[in-house]
Amino acid sequence: MECIVYHTLENRENADEVEMNAPYPCNKKNAWLGRGYYFWESFIDLAKKWGEDSYNGNYFVCQCQLSCPDEYVLDLVGNTRQLMYMQSTVDMLEARLKQGPLTVPFVINYLREKTKFNYYAIRVNGVNSMCMREENVSKWRIKFTDKRKAYLDLMPALQICVIDKKILKLPMKIIYPEAYSDGYVI
């Protein structure tokens, strides 16, 4: 897997420190994919949307390249075999624990702590994870037919939780706000 990734964080007027030390880990208990470094894949507009919503518009977006062999990415977007593995894990846990429905972080933490978890990153599509303004929804979605609700999402909320930073080409560079970027783009 090779892609450009974006890391959104609060602007604390510390651009030099951010470029020296980013990315920063997320250690929150409610982190969707557990401990790790969270990124938006490919779409800078999603990183900016996150900054607007999470940091009231006072944020940095940093950019770098991710390079990782596919076998070290738990790809819950494009790898159907891994999606089936996730589903079988959910089924097993629901039967064993006699509870449900389970959450993604619960299942991911189980996999990370109780199985042979050899992944450096986890990739997901957070469906309905972002409140989209109507102008963006219509710009980023195209219907298959006029008579159905089905659509093609042209900017899916692809997120990557990096567990091992060795798959990142560091240092990261601030690319937003533009005043900090010096025109830098990968």
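Predicted model: local features only at pLDDT ≥ 70, side-chain atom pairs only at ≥ 80, totals over all residues.
Biologist: Let's start with the overall fold. Which elements does the chain contain, and in what order do they run?

Modeller: The chain has five helices and nine strands. Starting at the N terminus, the order reads β-α-β-α-β-β-α-α-β-α-β-β-β-β.

Biologist: Which figures describe its contacts, burial and surface?

Modeller: Of the contacts with a separation of 6 or more, 74% are between residues 24 or more positions apart. Buried residues come to 42% of the 186. The accessible surface is about 11200 Å², and carbon and sulfur atoms hold 51% of that.

Biologist: And how many charged side chains are there?

Modeller: There are 24 positive and 23 negative side chains, with 8 Å between the centres of the two sets.

Biologist: Why is strand 5 called largely enclosed?

Modeller: A residue is buried if its relative accessible area is under 20%. In strand 5, residues 121-125, four of the five residues are buried, so the rest of the structure largely encloses this strand.

Biologist: How do you know that strand 5 pairs with strand 4 and with strand 8?

Modeller: Pairing needs at least two bridges between the strands. Strand 4 (residues 73-75) and strand 5 run parallel and are joined by three bridges, while strand 5 and strand 8 (residues 158-162) are antiparallel with five bridges.

Biologist: Which residues stand opposite Ala-121 of strand 5?

Modeller: Val-73 stands opposite Ala-121, and so does Val-162 in strand 8.

Biologist: Which residues of helix 4 are buried, and what covers them?

Modeller: In helix 4 (residues 104-114) the buried residues are Val-107, Ile-108, Tyr-110, Leu-111 and Arg-112. Their cover includes strand 4, helix 3 (80-97), strand 5 and strand 8. As background, an α-helix has 3.6 residues a turn, so residues three or four places apart point the same way.

Biologist: Now the backbone. Where are the cis peptide bonds?

Modeller: One runs from Ala-22 to Pro-23, with omega near 10°. Pro-23 sits in the loop between helix 1 (15-21) and strand 2 (37-41). Another joins Leu-170 and Pro-171, where omega is about 10°; Pro-171 lies in strand 9 (residues 168-176).

Biologist: What is noted about the phi of Glu-13, and why is Glu-13 called exposed?

Modeller: Glu-13 is not a glycine, yet its phi is positive, about 55°. Its place is the loop between strand 1 (2-10) and helix 1. Exposed means over 50% relative accessible area, and Glu-13 has 63%, so the label applies.

Biologist: How do you know that Asn-56 is exposed?

Modeller: The reasoning runs the same way: the relative accessibility of Asn-56 is 73%, which is over 50%, so Asn-56 counts as exposed. Asn-56 is in the loop between helix 2 (44-54) and strand 3 (59-67). Its phi is positive at about 50°, although Asn-56 is not a glycine.

Definitions and conventions. Residues numbered from 1 in each chain as written. Heavy atoms only, no water. Helix = DSSP H or I, 4+ residues; strand = E, 2+ residues; numbered from the N terminus. Buried < 20%, exposed > 50% of the residue type's maximum accessible area, 1.4 Å probe, protein only. Contact = heavy atoms within 4.5 Å. Areas by Shrake-Rupley, 256 points an atom, 1.4 Å probe, with all protein chains shown as cover. Lys, Arg positive; Asp, Glu negative; His and termini not counted. Charge placed at Lys NZ, Arg CZ, Asp CG, Glu CD.
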